[in-house]
Amino acid sequence: MVEEEEEETKYFSKDFVWDELKEEIEKDPSLAHHLLSFNPSSSSSSSSSSSSSTHSDSWKAFHLRHSTGKFFKQRRYLLKEFPLLLHDHRNNNNILLELGCGNGSSVLPILRANQRITVYACDCSEDALEMAKGTVRSADPSLLNRFHTFLCDFSKTGFPDWFVRDLGGVDFVTLVFTLSAIPFQTMPQAIGECFGVLRPGGVVLFRDYGLFDMTMLRFHPSKRVGFREYVRMDGTRSYFFCLDTVRKLFGDVGFVAVELDYCCVKSTNRRRGKSMRRVWVHGKFQKPL
Ligand SMILES: C[S@@+](CC[C@H](N)C(=O)[O-])C[C@H]1O[C@@H](n2cnc3c(N)ncnc32)[C@H](O)[C@@H]1O
């Protein structure tokens, strides 16, 4: 999660052209391993790291280690990227579901900015949910009236029955650096769950790692666990999306792409004086009316 903390407060930025970055990377022999199709037998990373139970266990261990909340940084830019979060959407009691809420970096600015929104947040880690609640409570205890959490591993199971039954659907689903954190083969089912829980006209707000982001290029070849999929030292994983993959994943379950683009930002690491090229994917997908 450390990488996202470097994110600059620039929105829809086009500091460089993604196709030019792609061309440069394709010509660089030292990066050729990132482009190869994936052969599982050539990966020295533990094959068990691809199992779903290990996947969520790694995230649980991650949150246990980072339970000080040291990495907390509000993602205020979400309100600029997705201005519809500030206004009522089709009715005046909007419900938002944040999938994989972590320590609450995304939910806090949304709760603060829109007093008519109710946020439900899930995560596979109980510690993450406690941190998120603590984050919201310490910002303003009254926000807890509109903030509810529940434990759920959405790469394995759907949402709990009560969630769908009692709420009758949600208006927004936020997927912020969460889809990349689950195994690629479980993504279609997870996106299908999002489709199922949204009311007609409801929207998924998507923000995640883009293909050829600097953090992808830093992975050692032995850390590949799939095509464009890598595992970190701590067992958590990351997938890097190209636009076509995102379009297909969401389109296949019935979503209509309203916005989909790369966000290409040059940011400078002040400590090391190094310029870094960050690539994220920004997307907005609607369930048809
Ligand atoms: C990179 S963090 C993003 C957190 C948050 N969305 C944000 O904006 O900061 C990914 C989060 O997804 C959670 N996660 C990973 N796999 C999950 C799963 N299968 N089910 C539920 N949560 C999961 C992790 O525990 C972690 O909190």
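Mentor: Two strands pair if DSSP finds at least two bridges between them, and the elements themselves are DSSP runs, helices being H or I over at least four residues and strands being E over at least two, numbered from the N terminus. The model is predicted, so to speak of local features takes a pLDDT of at least 70 and to count side-chain atom pairs takes a pLDDT of 80 or more, while totals for chains, interfaces and linings use all residues. Residues are numbered from 1 along each chain as its sequence is written, and side-chain values use heavy atoms, with hydrogens and water left out.

Trainee: In what order do the strands of the open sheet of 7 strands stand?

Mentor: This sheet has mixed pairing. Its edges are strand 3 (147–151) and strand 9 (256–269), each of which pairs on one side only. Read across the sheet, the order is 3-2-1-4-5-10-9.

Trainee: Over how many bridges do strand 9 and strand 10 pair?

Mentor: The two strands form a hairpin with 4 residues between them, and Gly 273 in the turn has a positive phi of about 65 degrees. Along this pair, Thr 268 stands opposite Ser 275 in strand 10. Strand 9 and strand 10 pair in the antiparallel sense, and the number of bridges is 13.

Trainee: Which residue in strand 10 is the bridge partner of Leu 205?

Mentor: Strand 5 (residues 198–209) runs antiparallel to strand 10 (residues 274–286), and 7 bridges join them. Within strand 10, Val 281 is the partner of Asp 208. For Leu 205, the bridge partner in strand 10 is Lys 284.

Trainee: Which residue is the bridge partner of Val 231 in strand 8?

Mentor: Strand 7 (residues 229–231) and strand 8 run antiparallel, joined by 3 bridges. In strand 8, the partner of Val 231 is Arg 237.

Trainee: Which helix gives the most to the shell around the ligand?

Mentor: A residue is near a molecule if one of its heavy atoms lies within 4 Å of it. There are 22 residues around the ligand, of which His 63, Gly 100, Ser 106, Asp 123 and Asp 153 come nearest. With 3 residues in the shell, the helix that gives the most is helix 2 (residues 52–65).

Trainee: How much of the area that the ligand exposes when taken alone does the protein bury?

Mentor: Among the polar contacts (pairs of N or O atoms within 3.5 Å), nitrogen atoms of the ligand lie 2.7 Å from a polar backbone atom of Gly 100 and 2.9 Å from one of Val 176. An oxygen atom of the ligand is 3.3 Å from a backbone N or O atom of Gly 102. By the Shrake-Rupley method with a 1.4 Å probe, the ligand taken alone exposes 590 Å², and the share that the protein buries is 99%.

Terms used:
A polar contact is a pair of N or O atoms within 3.5 Å; within protein, one must be able to donate a hydrogen and the other to accept it, and residues adjacent in sequence count only if both atoms are side-chain atoms.
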